[in-house]
Amino acid sequence: MNDEDVDEIGMTIAYLKRALKAITVSIEAAIQLVSRKQITPSQHSVLQQRLFQVRDGIIALMGEYRQEWQRRYGSEGFRS
C-alpha cells in the first residue's frame, strides 16, 4: 500500500480509517434495505457477511500499519 516513507504510513492509516467508516455506513444501509423489504433476509445475510469480511480485513491492516509505525517511530507523533 505504501513505501517506506513515514508520511505514507500515516496516510495509509488515514485511508483505512475512511474505508472503515464507509463499511460502517454500508452495514447500516444494508439494515435499512432489509427493513424496507428492498432485499430479502437471505440477501441481507450474504451482504452482511461480505461487509464484515471486508471490515475485518481493514481492521487487521490498520493494526499491522500501526504496529509498524510504533516499531519504527515509537508512540510519539502517533494519532489514532
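Tutor: A residue is called buried when its relative accessible area is under 20%, exposed when it is over 50%, and partly exposed in between, using a 1.4 Å probe and protein chains only. The model is predicted, so local features need pLDDT of at least 70 and side-chain atom pairs count only at pLDDT 80 or more, while totals for chains, interfaces and linings use all residues. Residues are numbered from 1 along each chain as its sequence is written, and side-chain values use heavy atoms, leaving out hydrogens and water.

The part considered here is helix α2, residues 41-73; helices are DSSP runs of H or I with at least four residues, numbered from the N terminus. With 33 residues, α2 reaches 47 Å from its first C-alpha to its last, close to the 48 Å expected, where the expected span is 1.5 Å times one less than the number of residues. After α2 comes G74, with a positive phi near 75°.

Within α2, the buried residues are H44, L51, I58, M62, Y65 and W69. Of these, L51, I58, M62, Y65 and W69 belong to the largest nonpolar core, which has eleven residues and also includes I9, I13, L16, I23, I27 and A30. Such a core is a set of buried Ala, Val, Leu, Ile, Met, Phe, Trp, Tyr and Cys residues joined through side-chain atoms within 4.5 Å. Both α1 (6-35) and α2 supply at least two of its residues, and α1 gives the most, namely six.

L51 touches I23, S26, I27 and A30, residues up to four places away in sequence not being counted; contact means heavy atoms within 4.5 Å. R50, by contrast, counts as exposed because its relative accessibility is 55%.
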